[in-house]
Amino acid sequence: MSEFSLDKEFKKSALEVFSSNLVFAFICGSYASSSAVKGNSDIDMFLCLKKRDLKEEIKFKNWYLKVHGLLGYRFDDTFFCEFVELDYLKKSLDIFKENLPSKTTVSKKEYDNLVWAGMLSGKSMSFVGNKEEYINLKGVSEPILLACRKKVSKYLCNLPNDLFLKEVIKYES
C-alpha cells in the first residue's frame, strides 16, 4: 500500500468534487508553513468556487474529516474549510479595502474578510486551479492586511495603558 500524500489527494479531491465549479484551491495555515502539531492543529483549506453548492461542500467536508483522522490532526468544526464564491470574494475584498476596521473588535463580515485576506496572502501549498485569479486576489489581499495592521496599531498605541491591556490581553481559563 502506498503512503498517503495530502498534496496529491487534496488536488485530486478538489477537482473530483468541484470539477468545473472550482476556480482555485489550496492548503494554508500552520500545515502549509510546517508548524502544525498533530493532535493540536487542524489543516486549513481555502476553496474558491464559481458558485456555492451545498452537496459538493458536504462531500468535500466528509473527505476533509477522513483526512484529519487519517493524519492525526484535530478537526476544527468552526473553521474547517473556507468555501467562497469568486464574485462574492472579489466584491467583499474591494469594499473591505475602502472600509478597514480601526479597532480590534470586528463584525462577522469584517472577520471573514480578514480571514480570507490572511489565507490568500499567507503561505500555501497544494495549489490547484486558476493561478492568475489567485495571484490577482493575493495582490489585493496583501495591502489590505498591511493597512489594517497599521490602523489597528495606531488605535492600540493611542489607548491609555489600562484600556490597552484590556484590548490586547485575553485571559484563558
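Phe24 counts as buried, with a relative accessibility of 0% (buried is under 20% relative accessible area, exposed over 50% and partly exposed in between, with a 1.4 Å probe and protein chains only). The residue belongs to strand β1, where strands (E, at least two residues) and helices (H or I, at least four) are DSSP runs numbered from the N terminus. The model is a predicted one, in which local features need pLDDT of at least 70 and side-chain atom pairs count only at pLDDT 80 or more, whereas totals for chains, interfaces and linings use all residues. Residues are numbered from 1 along each chain as its sequence is written, and side-chain values use heavy atoms, with hydrogens and water left out.

Apart from neighbours within four places in sequence, the contacts of Phe24 include Phe46, Leu47, Cys48, Leu120, Phe127, Tyr134 and Leu137, a contact being heavy atoms within 4.5 Å. Between Phe24 and Asp44, 20 residues apart in sequence, the C-alpha to C-alpha separation is 14 Å.

In soluble globular proteins, nonpolar side chains tend to be buried together.

Leu120 touches Phe24, Phe26, Phe46, Leu89, Leu93, Tyr134, Leu137, Lys138 and Ser141, when residues up to four places away in sequence are not counted.

## Helix α5

The 14 residues of α5 should span 20 Å at 1.5 Å a residue, and the end C-alpha atoms are 20 Å apart, which agrees; the expected span is 1.5 Å times one less than the number of residues. Asp112, Asn113, Trp116, Ala117, Met119, Leu120 and Ser121 are the buried residues of α5, and they pack against β1, β2, β3, α4 and α6.

## Pockets

The largest pocket has a volume of about 280 Å³. On a 1 Å grid over the protein atoms alone, a pocket is an open set of points where a 1.4 Å probe fits, with protein on both sides within 12 Å along at least five of seven lines, and lining residues have an atom within 4 Å of a point; points are joined across faces, edges and corners, and a volume is the space filled by probe spheres set on them. Among the 17 lining residues, Arg52, Phe80, Cys81, Glu82 and Phe83 are the closest to the centre of the largest pocket. Elements giving two or more residues to this lining are α3 (54-71), β3 (82-85) and α5 (108-121). The lining comprises 9 nonpolar, 1 polar and 7 charged residues, where Ala, Val, Leu, Ile, Met, Phe, Trp, Tyr, Cys and Pro count as nonpolar, Asp, Glu, Lys and Arg as charged, and the others, Gly among them, as polar.

By class, the lining of the second largest pocket divides into 8 nonpolar, 3 polar and 5 charged residues.

## Ser41 in a loop

Ser41 lies in the loop between α2 (29-32) and β2, and is buried, with a relative accessible area of 11%. Leaving aside neighbours within four places in sequence, Ser41 is in contact with Ser30, Ala36, Tyr73 and Arg74.
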